[in-house]
Amino acid sequence: MLNSKIIGLLNDQINKELYSAYLYLDMSNYFEHKGLCGFANWYYIQAQEERDHAMLIYKYLHNNDVKVSLLPIAKPDKTFNNDLSVLEEALRHEEYVTALIHKIYAETELCNDYRTREFISWFVTEQDEEETNARDMINKLELFGTDGCGLYLLNKELAKREYEAPKGVNIE
Ligand code: FEO
């Protein structure tokens with residue numbers, strides 16, 4: 001039986017991950033409309049990954065006999081003034097999600113909930129990768145996206161990203 005505080009945090013995290021999916025879809029939407037289809041592809045896949053994150057937590061709660069409360073998903077509320085601002089918002093958002101994940105991890109320690117600690121440690125590692133990817137995108141755009149030719153090539157590279165289900169975990 002999971003502790004009620006842990007259940008509440010995990011339940012909220014499902015909503016935050018689904019909001020993340022919605023936010024990344026809005027970023028994809030921004031780039032699709034601009035004709036930068038490679039960038040749009042990258043963020044579209046990112047949205048799929050966020051949906052997976054939500055489903056992992058959803059499954060974990062059900063596997064522990066907890067019924068999930070599905071909450072309203074907020075409207076994406078970020079303003080994108082230019083291409084770089086989209087990438088910067090993505091990094092800020094991932095830093096925010098990292099803080100949420102760390103809060104859950106800390107709570108599992110307080111509750112001696114070793115099972116959830118093991119489960120959430122996958123997300124701790126994942127957040128490291130998410131922040132690295134977000135910073136990498138900013139670096140690439142700053143280095144290569146300042147002229148038309150560089151932006152064209154970068155867009156082409158980002159078009160190659162393919163969806164992969166989360167490694168080492170089962171979302172079936
Ligand atoms: Fe689910 Fe991008 O963190």
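This is a predicted model: local features need pLDDT of at least 70, side-chain atom pairs count only at pLDDT 80 or more; totals for chains, interfaces and linings use all residues.
Figure 1. The largest cavity holds about 40 Å³ of space, and the second largest cavity has a volume of about 30 Å³. Rolling a probe the size of a water molecule over the atoms shows where empty space is left.

**Figure 2. Lining of the largest cavity.** The residues that line the largest cavity are Tyr24, Trp42, Gln46, Ala90, Glu94, Glu130, Asn133 and Ala134. Three helices, α2 (37–63), α3 (83–110) and α4 (114–144), each supply at least two residues of this lining. Helix α4 gives the most, with three residues. By class, the lining of the largest cavity divides into four nonpolar, two polar and two charged residues. The volume of the largest cavity is about 40 Å³.

**Figure 3. Lining of the second largest cavity.** Around the second largest cavity lie Asn11, Ile14, Asn15, Leu18, Val68, Ser69, Leu70 and Leu71, which form its lining. This lining has five nonpolar and three polar residues, with no charged residues. The volume of the second largest cavity is about 30 Å³.

**Figure 4. Surroundings of asparagine 15.** Asparagine 15 is found in helix α1 (residues 4–34). With a relative accessible area of 15%, asparagine 15 is buried, because the cut-off for buried is under 20%. Apart from neighbours within four places in sequence, asparagine 15 is in contact with Leu71, Pro72 and Ile73. Asparagine 15 and leucine 71 are separated by 56 residues in sequence, yet their C-alpha atoms are 6.4 Å apart in space. The side chain of asparagine 15 also reaches the backbone oxygen of proline 72, at 3.0 Å.

**Figure 5. The largest pocket.** About 360 Å³ of space lies in the largest pocket. The elements that give two or more residues to the lining of this pocket are α2 and α4. Of these, α4 gives the most to the lining, with five residues. The pocket is lined by 15 residues, and those nearest its centre are Glu49, Glu126, Glu129, Glu164 and Lys167. By class, the lining of the largest pocket has four nonpolar, three polar and eight charged residues.

**Figure 6. Aspartate 65 in the loop between α2 and α3.** Aspartate 65 lies in the loop between helices α2 and α3. Phi of aspartate 65 is near 65°, a positive value in a residue other than glycine. Most residues other than glycine have a negative phi, and most peptide bonds are trans. The relative accessible area of aspartate 65 is 74%, so this residue is exposed, the cut-off being over 50%.

**Figure 7. Asparagine 112 in the loop between α3 and α4.** The loop between α3 and α4 contains asparagine 112. Although asparagine 112 is not a glycine, its phi is positive, at about 55°.

Technical notes: Residues are numbered from 1 along each chain as its sequence is written. Side-chain values use heavy atoms; hydrogens and water are left out. On a 1 Å grid over the protein atoms alone, a cavity is a set of points where a 1.4 Å probe fits but cannot get out, and a pocket is an open set with protein on both sides within 12 Å along at least five of seven lines; lining residues have an atom within 4 Å of a point. Grid points are joined across faces, edges and corners, and a volume is the space filled by probe spheres set on the points. Helices (H or I, at least four residues) and strands (E, at least two) are DSSP runs, numbered from the N terminus. Ala, Val, Leu, Ile, Met, Phe, Trp, Tyr, Cys and Pro count as nonpolar, Asp, Glu, Lys and Arg as charged, and the others, Gly among them, as polar. Buried means under 20% relative accessible area, exposed over 50%, partly exposed in between (1.4 Å probe, protein chains only). Contact means heavy atoms within 4.5 Å. A polar contact is a pair of N or O atoms within 3.5 Å; within protein, one must be able to donate a hydrogen and the other to accept it, and residues adjacent in sequence count only if both atoms are side-chain atoms.
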